[in-house]
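Subject: Structure handover

Hello,

Here is the structure for you to look through. My notes on what turned up follow below it.

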Amino acid sequence: MDLNNIAKIEQAQYVNRRELVRLGSAAIFLVAIIIFVGTKMPGSILLISAAVIGGYMALNIGANDVANNVGPAVGSQTLTLTGAIIIAAIFESAGAIIAGGDVVGTIRKGIIDPSAISDPQVFVWLMMAALLAGAVWLNLATFLALPVSTTHSIVGGVLGAGVAAAGWDIADWGKVGQIAASWVISPVFGGIIAAGFLYTIKRTITYKCDKIAAARKVVPLLIGTMAWAFTTYLIMKGLKKLFKIDFIYALGIGFVIGVGVIFIVSPIIARTSAELKNSKASVNKLFVIPLICAAALLSFAHGANDVANAVGPLAAIYDVISHGAMAAKASIPLWVMVIGALGISLGLALFGPKLIRTVGSEITELDQARAFCIAMAAAITVIIASQLGLPVSSTHIAIGAIFGIGFLREAIKANYGKMIVEIKSHHAGADEAEVTAFLDKFEAASFEEKGHMLADLKKHKQAPTVTKKERKSLVKEYKKELVQRSAALKIIAAWVITVPLSGLLAALIYFTLRGMLLP
């Protein structure tokens, strides 16, 4: 046997060992759940089974969905993969435990009407089927490196199992329609907000002649905006157990803190930028710390919003088993939230890297400024949704933001290409050195100066002699696709099938459980 074959065998063995370690760690987590819940409620096989399925769902949420929070930071090389996993694990857990209650209530009894099911046991089977169906689909999607919506998965599961148990009338179609509308709106909003942030950065910083001087003014404002948004959210969500504050007052407190942050970071940015060169790469360095903070706070918001997908049905099952009936209101035990929080964190650490790479580098090229815009857009949208108790898809928001960044870059490149074609058209017949000198000057000019140069060119140069066909050919040369269309199509296809597929799986699992557990 030659050395190449031996090396391949050793590499395969190494990969297999790593996979076994990951699977073994996940199995240990699920066994720990069995032991804990079995000790807490001895003899309750249904609750133990539901808790294990909830833990399995949480693992898959961590593996698939959390990549949206830290993927841009990793893709822009701001964070290492290990650093991103540590930050996300800490803040995901904190968000789930501190601020996850509102959305759990929506998943638990907002999608279907529990009163339509007279037998509490049937409701338990329904929720178990929904959890298991959502988890299986997420597991498959993660294996295929597809960032899909965990919210879609569990909502489809609840709907499918609910319809299988009690017919079409059980669903709250008004609530489902509201959620479905948010799925359409959230990626569009995410894309628009991210593109708006990036365009603002370009107009106010990177398109300026003195980029560093512009950054000293604008970057602190962006950081202050981030502090304002997240402070308002934390007051409304994280501190509501201690005291309640009206949203307007919370907004005002957040604004004051945001202004304070601006005053704090302004001298820091000034000192940091003093030794930087006047370049786009130097500007990106100023976004490193803000991007890390944004990724951490986004993870907190995600933990608050998406923990519901793992523990919402589990909370409903615990409610039925502990009270013997479906109560109108029920508190969510801390241990249920902890299972969700730990499962998400462990799933991210064990199986998340594949999706992190997909989100961070396989859709469009990211740098620190672009990644900051994505994180901010995703955070703002998720925070608003979580505050409203609406289980939107953080996957759709984050991926929509990435697409928004990519398509804006394409539009800017195409527009710049048209300007170059315009310049060359007006210089038709001129000396090549003259054209090159003008283009160099144009490249170095600020955004406003470019506009003046083009206006002067049109006034003083002869009309373009290039034909319409030739102009289209020239523009085509400058047009570049900066978003991977193949990745976009795969992701959108996975989004489309998530709800019906998880619903069908849940219905099949429900009928299986019903057949096994009926006397």
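Please keep in mind that this is a predicted model.

Overall picture

The protein chain has 519 residues, and 52% of them are buried. Its secondary structure comes to 20 helices and 0 strands. Take the contacts with a separation of 6 or more: 85% of them join residues 24 or more positions apart. The chain exposes about 23400 Å². Carbon and sulfur atoms supply 66% of that area.

Helix α6 and what follows

Start with α6, residues 120–143. The helix has 24 residues. From first C-alpha to last, α6 reaches 35 Å, close to the 34 Å expected at 1.5 Å a residue. Is α6 enclosed or open? Of its 24 residues, 17 are buried, so α6 is largely enclosed by the rest of the structure.

Look at the start of α6 too. There, a side-chain oxygen of Asp119 comes to within 3.0 Å of the backbone nitrogen of Gln121.

After α6 comes Ala145, with a positive phi near 60 degrees. Ala145 sits in the loop between α6 and α7 (150–166). Its relative accessible area is 22%, so Ala145 is partly exposed; the cut-off for buried is under 20%.

Most residues other than glycine have a negative phi. Gln77 is a residue other than glycine, yet its phi is positive, near 65 degrees. Gln77 is found in the loop between α3 (67–75) and α4 (81–99). Is Gln77 buried or exposed? Gln77 counts as exposed because its relative accessibility is 70%, and the cut-off for exposed is over 50%.

A buried glycine

Next, go to Gly347 in helix α13, residues 334–351. Gly347 has 0% relative accessibility, so it counts as buried. What does Gly347 touch, leaving aside neighbours within four places in sequence? The contacts are Leu59, Gly62, Ala63 and Gly352. Ile61 is also worth a look: its C-alpha is 7.0 Å from that of Gly347. Along the chain, Gly347 and Ile61 are 286 residues apart.

Aromatic pairs

The count of aromatic pairs comes to 6. One of them is Phe287 with Phe372. This pair is tilted, with 50 degrees between the planes and 5.4 Å from centre to centre. Phe287 lies in the loop between α11 (280–285) and α12 (288–323), and Phe372 lies in helix α15 (residues 368–387), so the pair ties together parts that are 85 residues apart in sequence. Both Phe287 and Phe372 are buried.

Ring pairs link Phe36, Tyr318 and Trp335.

A bent helix

Last, turn to helix α20, residues 485–517. With 33 residues, α20 reaches 47 Å from first C-alpha to last, close to the 48 Å expected at 1.5 Å a residue. Where does α20 bend? The bend is at Thr498, by about 40 degrees.

Where to look

- Ala145, partly exposed in the loop between α6 and α7.
- Gly347, buried in α13.
- Phe287 and Phe372, the tilted pair.

Best wishes

How values were computed. Residues are numbered from 1 along each chain as its sequence is written. This is a predicted model: local features need pLDDT of at least 70, side-chain atom pairs count only at pLDDT 80 or more; totals for chains, interfaces and linings use all residues. Side-chain values use heavy atoms; hydrogens and water are left out. Helices (H or I, at least four residues) and strands (E, at least two) are DSSP runs, numbered from the N terminus. Buried means under 20% relative accessible area, exposed over 50%, partly exposed in between (1.4 Å probe, protein chains only). The expected span of a helix is 1.5 Å times one less than its number of residues. A polar contact is a pair of N or O atoms within 3.5 Å; within protein, one must be able to donate a hydrogen and the other to accept it, and residues adjacent in sequence count only if both atoms are side-chain atoms. Contact means heavy atoms within 4.5 Å. Accessible areas come from the Shrake-Rupley method with a 1.4 Å probe; for residues, only the protein chains shown count as cover. Rings of Phe, Tyr and Trp (its six-membered ring) pair if their centres lie within 6.5 Å; planes under 30 degrees apart count as stacked, over 60 as edge-to-face and the rest as tilted. The bend at a residue is the angle between axes fitted to the seven residues ending there and the seven starting there.
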